[in-house]
Amino acid sequence: MVNPAKEPAFPHRHLLGIEGLSAQDIGFLLDLAEAAIEVSRQVEKKRSTLRGRTLINLFFEASTRTQSSFELAGKRLGADVMNMSVATSSVKKGETLIDTAMTLNAMRPDIIVVRHAQAGAVHLLAKKVDCAVVNAGDGAHEHPTQALLDALTIRRNKGRIEGLTVVICGDILHSRVARSNILLLSALGARVRVAGPSTLLPPGIERMGVEVFRDMRAGLNGADIVMMLRLQRERMQGGYIPSAKEYFRFFGLDEAKLCYAKPDALVLHPGPINRGVEIDSAVADGPRSLIREQVEMGVAVRIAVLEALAQHLPNG
Amino acid sequence: MDESEFRVKRSSPASIAHQPLALVNARLIDPALLRETMGGVLVVDGVIRDFGTAIMPANLPAHARIIDCGGDCVAPGLIDMWAFIGEPGAEHRETIATATLAAAAGGVTTIVARPDTNPPVDEAAVVDFLLRRARDTGRVRLLPLAALTAGLNGAEIAEIGLLQLAGAVAFSDGVRAIRNARVMRRVMQYARDFNALVVHYAEDRDLAGEGVMNEGEFASRLGLSGIAREAEAIMLDRDIRLVNLTGARYHAALVTTALSLDIIAKAKADGLAVTCATSINHLTLNENDIGDYRTFLKLAPPLRHEDERRALVAALASGLIDAVVSDHNPQDVETKRLPFTEAEDGAIGLETMLSAGLRLVHSGEIPLARLIAAMTIRPAEILGLPQGRLEVGAPGDLIRFDPDEPFVVDPAKLHSRCKNTPFDEARMEGKVKLTMVAGEIVYEAE
């Protein structure tokens, strides 16, 4: 590097997905997040990185933890944060999305964080606005900050990502978390598996560089990290699985199934959890669960992402 | 027969006969090798200990019971992959007690029961109920099919995993074909994860419409609406494409036309896990037997043209058709003594399937061992069962029959609770003389 000051460490204006990020980019964000953990642990949680900046949380889909952690991250960096929750029921989505984008753009925000039920919607919006855009989840496509916070949680507990066997279990088909995690963990050298019933596995998933298991115990066998996914029953018109009862019996993570993973295997779940559906309470609340730590890491990762994008803001 | 009386007399297939039993001086039919030899079979502790030419009275344990078969045939007990048993919900038509008695008299030692009962077999508790009832009141083995979709609604996948753990042998929606291809695809995907066999009654219900018999000249002469052969072929073709997509194991419950046979032949040539069965009725009867609106010959699928019957027999002889089923479907008189269009479908068949099948042997259309194979080892292989074979260590489910003994079918003497046999007053050659389940004699002709 000839002149590090002129060469931004994070060379992207938006964060639309894990796709397109290099292992170096990911490492940079994780290191930044590691440092940001301390921000939230202090009595004085305020920094000035984004002082005077405007952050808009534009959520077309309901969210608790993602929206609130972006809000906290923005506020802790000193930005003015505006939350917009947009009901999608009565509007024609394509038209409204662009109209909304143009309207918001006219208000001159610096960063927009977007969640939308349709895959690709965030990319479309990013083309229409002048500010930085962060994807907070688009359909079943990507949820990059979730994958980053999962990776940070794993790295802090295992000391590394490379060489670990990570099994992502359950409703892969509807999961943007799964897709972002597959990309990120593979990029950092983990061995990634997916396990679930065939009806909840996207066709061709094996060509995304993962090992596919239709039997949960076989998938768990020898795993370092067990990443459970929420069964997205609200997206299941048309019967992908027989019942919650049968799903729990064959694909729900309980202590008996967890025994097939390594003795020191740790359990993640992006939340919100369906107790007794994809995960047993004894595991979710047990000593090997990192679910609450994931939430804390969520704030740190979002601080890091906003800081990284701030480098590119005009007059930054 | 009153059930309390029956319970006293019944022989449980679950219990094991401790006295060794030998059937000697028999024409042994080995369905695996499609071969016949003279000899005997020794059954000890419910399983076949030995068989072959060396099994003669001189070589047997002193305490063994020896039955001289006088040159009759001895074969594995028959496995019927498609029978409607009234329990639960239609006990006035049939019970496990009466069905298994009819089965024993017909040489059927394993009945695979249709799941479209009332309530349907779509919950583990119903599978458990059937297995317990069969244990307590059944004379031969009964294996429940369980539903593919919840409530047989053709919309949501049934609890295939839990049903399988409860003891369901395979999965089917009975005679209700799954209309929606998306649902069928997911059912197949899901079933494949559990290595569960999908048994589908292939019929395009919309095309079949209000038809009551085979479409064609004869239906037109009778003034009855027909069911085109294509109703079966279209659904079967769709299913095979979905098998190719999903990798499921698939068994066509009942194929009745040459069009369907072409589809099955191609699927097998393509290496897909596809098998099929036809019914004894479709092999031995045709649409002309309906004659003067005989409702006992109103079946689903309908009896077809003679050309189709011949194609089915040829496919059985070549092995393209894997299994022959009874399609046992007891209907009481009130539902059959109606105008043809209004009468219920179905015929009883457990007790006559072997005798009717022997017609094809006597007419030279098919070798005996091939017929027996389609009623024993092939169903066993498809369902993953240990019985249905003449093999050391296999369950001692055996039958003795005289292939030539003539008799006239007298409905009054049939053991089923309903008497709707299409072979009413028919002359047959070939009679079961003894039926054994797990080494225990459950039927002996007078």
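## Exercises on a predicted two-chain model

Chain A holds an open sheet of four strands, ordered 2-1-3-4, with parallel pairing. Strands pair if DSSP finds at least two bridges between them; strands (E, at least two residues) and helices (H or I, at least four) are DSSP runs numbered from the N terminus. This is a predicted model, in which local features need pLDDT of at least 70 and side-chain atom pairs count only at pLDDT 80 or more, while totals for chains, interfaces and linings use all residues. Residues are numbered from 1 along each chain as its sequence is written, chains are lettered from A and ligands numbered from 1 in the order written, and side-chain values use heavy atoms, without hydrogens and water.

**Exercise 1.** State which strands are the edge strands of the chain A sheet, and describe what packs on the sheet.

*Solution.* 
1. Strand 2 (80-85) and strand 4 (132-138) of chain A each pair on one side only, which makes them the edge strands.
2. From one strand to the next, the twist averages 15°.
3. Five parallel bridges link strand 1 (residues 54-59) and strand 3 (residues 111-116) of chain A; Leu58(A) has Val114(A) in strand 3 as its bridge partner.
4. Helix 11 (residues 291-310) of chain A packs on the sheet and touches strand 1, strand 3 and strand 4, its direction making about 150° with that of strand 4. Contact means heavy atoms within 4.5 Å; axes are lines fitted to C-alpha atoms, for helices over the stretch in contact, and angles run from 0 to 180 degrees between N-to-C directions.

**Exercise 2.** Describe the contact of helix 13 with helix 14 of chain B.

*Solution.* 
1. The axes of helix 13 (residues 353-362) and helix 14 (residues 368-375) of chain B come within 9 Å and cross at roughly 145°.
2. Residues including Leu354(B) and Leu358(B) of helix 13 meet residues of helix 14, among them Leu371(B) and Ile372(B).
3. The contact residues comprise eight nonpolar, one polar and no charged, where Ala, Val, Leu, Ile, Met, Phe, Trp, Tyr, Cys and Pro count as nonpolar, Asp, Glu, Lys and Arg as charged, and the others, Gly among them, as polar.
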